[in-house]
Amino acid sequence: MFIDSHCHINFPDLISDLDGVVQRMSDAQVEKALCVSVSTKTLPEIIKITNSYANIYGSAGVHPNEKEVEEPSLEALINLSANEKIIAIGETGLDYFRSEGDMNWQQERFRRHIRCAKEVGKPLIIHTREAPKDTIRIMKEEGAAQAGGVMHCFTESYEMAEAAINMGFMISFSGIVTFKNATQVKEVAAKVPLNSILIETDSPYLAPVPFRGKTNEPSFVKYVAEELANLKNVEIDLIASQTTDNFHRLFKV
């Protein structure tokens with residue numbers, strides 16, 4: 001059995017066929033999925049989905065690039081994460097690829113999410129893109145190791161992965177690892193210890209080969225597992241069981 005540790009099935013591409021998405025998960029032996037928040041505006045919708053499907057969980061947070069009408073306070077984040085089906089804080093982090101200028105606002109948002117995770121005892125889902133030094137620095141300064149979590153859709157260097165693992169974080173690989181030109185991602189995936197790996201789709205984006213360019217969904221996460229098995233020269237059953245155990249251990253499900 002597999003678990004999709006990061007998806008957005010509340011997005012328009014998938015929510016219109018939610019029963020079909022969940023059924024195809026089951027058909028593909030994907031037993032659980034974590035629907036990740038990118039905005040406070042969509043969190044009620046995520047909670048509604050988690051209440052409708054026993055095997056779907058949610059997170060509470062604001063994406064680093066999301067433009068909120070009102071910046072969420074620490075107290076607001078704590079309140080948003082109170083639901084029992086909300087098992088993580090995020091996605092949060094730093095994304096310097098999509099944003100320009102003074103990044104202090106993004107860094108402060110990241111810090112509040114880390115403080116929230118420590119306060120409520122739920123792990124972090126961290127999005128990082130072209131901001132390795134600041135991401136690790138802020139994680140250390142804010143004591144992110146106390147909360148733990150996952151570096152989702154990881155595309156950075158092994159050195160950054162190792163720094164995160166040393167703080168108790170897991171490294172999650174998406175369909176990008178199946179792309180022919182994703183040389184660095186494949187090299188990192190081959191090195192990361194099995195007990196520190198999660199798999200995800202980040203659907204509806206980044207569909208893995210052989211579905212690249214199409215709408216992604218949680219049932220496709222097995223193709224990520226297959227590529228990891230190839231890179232590590234192990235049976236796919238080992239990837240399935242280890243990543244499932246890792247998910248349960250991290251998110252306390």
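Q: In this predicted model, how far is the sulfur of Cys35 from the closest cysteine sulfur?
A: The closest cysteine sulfur to that of Cys35 is in Cys7. The gap is too far for a bond. It comes to 5.3 Å.

Q: How many disulfides does the count give?
A: A disulfide needs two cysteine sulfur atoms within 2.5 Å. The sulfur of Cys7 lies 5.3 Å from its closest partner, in Cys35, so that pair is too far apart for a bond. The count of disulfides is 0.

Q: Is Cys7 buried or exposed?
A: Buried means under 20% relative accessible area. For Cys7 the relative accessible area is 0%. Cys7 is therefore buried.

Q: Which residues are buried in helix α6 (residues 132-141), and where do they lie?
A: The buried residues are Thr135, Ile136, Ile138 and Met139. Seen down the axis of α6, they fall within an arc of 165 degrees. They therefore line one face of the helix.

Q: Which residues are exposed on the other side of α6?
A: The buried residues of α6 pack against other elements, among them β4 (86-95), α5 (104-120) and β5. On the other side, the exposed residues are Lys133 and Lys140.

Q: Which strand gives the most to the lining of the largest pocket?
A: The largest pocket has a volume of about 440 Å³. Of its 18 lining residues, the closest to its centre are His63, Arg98, His127, Arg129 and Asp202. With 3 residues, the strand that gives the most is β5 (residues 124-129).

How values were computed
Residues numbered from 1 in each chain as written. Predicted model: local features only at pLDDT ≥ 70, side-chain atom pairs only at ≥ 80, totals over all residues. Heavy atoms only, no water. 1 Å grid on protein atoms, 1.4 Å probe; cavity = no way out; pocket = protein on both sides within 12 Å on 5 of 7 lines; lining within 4 Å. Points joined across faces, edges and corners; volume = space filled by probe spheres on them. Helix = DSSP H or I, 4+ residues; strand = E, 2+ residues; numbered from the N terminus. Buried < 20%, exposed > 50% of the residue type's maximum accessible area, 1.4 Å probe, protein only. Arc of directions from axis to C-beta. Contact = heavy atoms within 4.5 Å.
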